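Hi everyone, thanks for coming.

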Amino acid sequence: MKRMYIKPWIFGVCAGIMFVSAEAFLKFYPPACYSFCLTCHVRDLVNTVTNVLFGTRFETAYLARKALMLTSPGLLVGAFVASRLFGEYRRIRKSRPLLYFLAGFTVMILGILIFGCPTRIVMRAGYGDLYGVTALFGLFAGVYIGMLIMKRLKTAVLPVRPRRRIG
Amino acid sequence: MMSALLFLLSLAVGFLAQRSRMCFVAGIRDYFLVRDTELLLGLVSFLVTVFFLTSLFYSLNVLKSGFPQFGEIDIDTVIKRSNFSFYRLRYLDGFFETTQGNGRFQGVFTTPFFYVTLSGALLMGTVSVLAGGCAMRQHVMFAQGRMDSFYYLLGFYCAVYFYYLVLYKPLLRFY
């Protein structure tokens, strides 16, 4: 199949239209601005399943009562289909599992605290939520700091192991 | 029905995200690092689209979900007698009072949630850069077959239990 590359700005426009119209016409609320968020939806999914299985009462958003939050599995399936369809599926072995585990752990906890993954932070800022704008500024500053650390370590991303010096 | 719609929505988003290699954190990182604006343009266009559409829909009275606030977790589902919901409820009241009385900015900047948001997003950005992408990009990379992202997602799911079993009660004192 022919390679098809979508420009990122097209993704931005399409995703923006989809999320806002999903909330407006498909009624994905009471929590406003909730049509797409990975941390919040994963939190709702896990908590709903736990509540059903063990009878606990972990907090979920109101929308999780009406629907099962299948955002994260859906995203995985969609990306898998796309990568298979265009021949981009390539298995890359693990290099630093523990560090990645801790990274995901931290992002999830912070995401629960501030109500949003980076996607939803941007979306909230677009909705006009001042906390979203605050979080966007925080994200910019954090990325700058992370970039400085990255430059210092001289690695592209975490998986690249520092080479042992010989001699 | 609604879960199916949500699933289809995220399916489409996953497809598009895989095709465009979109990542919200990598866009900012690339701009700071090598002044490459392609991915940042995706972020900005997303922001602008959402801003214009919400403005349009609010003015047309189509979007009835109201303004997003931080106290968006439904209060009924929280255990009612816990301190957490009580504080958050009280907190919301204070927010509205200041909004009506003294203008909006004062209400935002005087709440502790402002500092939580700022520092939390800062740390989240740092960690995301070191992990090589935002949460959405990690999902896409795992679907492409990268096993490091599998451990990222494992941590992602485990952290929910950690938060609610371990961190939830100690955090009540501060939050």
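Before I start, one term: I'll say buried for a residue under 20% relative accessible area, exposed for over 50%, and partly exposed for in between, using a 1.4 Å probe and protein chains only. The other one is helix, a DSSP run of H or I with at least four residues, while a strand is an E run of at least two, both numbered from the N terminus.

Now the housekeeping. This is a predicted model, where local features need pLDDT of at least 70 and side-chain atom pairs count only at pLDDT 80 or more, although totals for chains, interfaces and linings use all residues. Residues are numbered from 1 along each chain as its sequence is written, chains are lettered from A and ligands numbered from 1 in the order in which they are written, and side-chain values use heavy atoms, with hydrogens and water left out.

Let's begin with chain A. It has seven helices and zero strands, and 56% of its 167 residues count as buried. When I say contact, I mean heavy atoms within 4.5 Å. If you take the contacts in chain A between residues at least 6 apart in sequence, 59% of them join residues at least 24 apart.

Next, how do the two chains meet? In chain A, 125 residues are in contact with 113 residues of chain B. Together the chains bury about 11,200 Å², and 78% of that is on carbon and sulfur atoms. Buried area here is the accessible area (1.4 Å probe) that two parts lose on being put together, summed over both. Of the area that chain A buries against chain B, A:Phe11, A:Glu59 and A:Tyr131 supply 8%, more than any other three residues.

What about charges? The rule finds three salt bridges across this interface, a salt bridge being a side-chain nitrogen of Lys or Arg within 4 Å of a carboxyl oxygen of Asp or Glu. There is one between B:Glu38 and A:Lys7, with the closest N and O atoms 3.7 Å apart. On the side of chain A that touches chain B, each helix from this list supplies at least two residues: α1 (8-25), α2 (38-54), α3 (63-66), α4 (71-85), α5 (97-114), α6 (118-127) and α7 (130-153). The largest share, 18 residues, comes from α7(A).

Now over to chain B, and its own helix α7, residues 135-143. How many of its nine residues are buried? Eight are, so to speak, under cover. Among them are B:Met136, B:Arg137 and B:Val140. Just after this helix, B:Gly145 takes a positive phi of about 105°.

One residue of α7(B) I'd like you to look at is B:His139. Its relative accessible area is 0%, so it counts as buried. Leaving aside neighbours within four places in sequence, B:His139 is in contact with A:Leu38, A:Ser72, A:Leu75 and A:Leu76 from chain A, along with B:Leu153 and B:Phe156 from chain B.

Last stop: B:Tyr151, in helix α8 of chain B, residues 147-172. Buried or partly exposed? B:Tyr151 counts as partly exposed, because its relative accessibility is 21%. With neighbours within four places in sequence set aside, B:Tyr151 is in contact with A:Lys94, A:Pro97, A:Tyr100 and A:Phe101.
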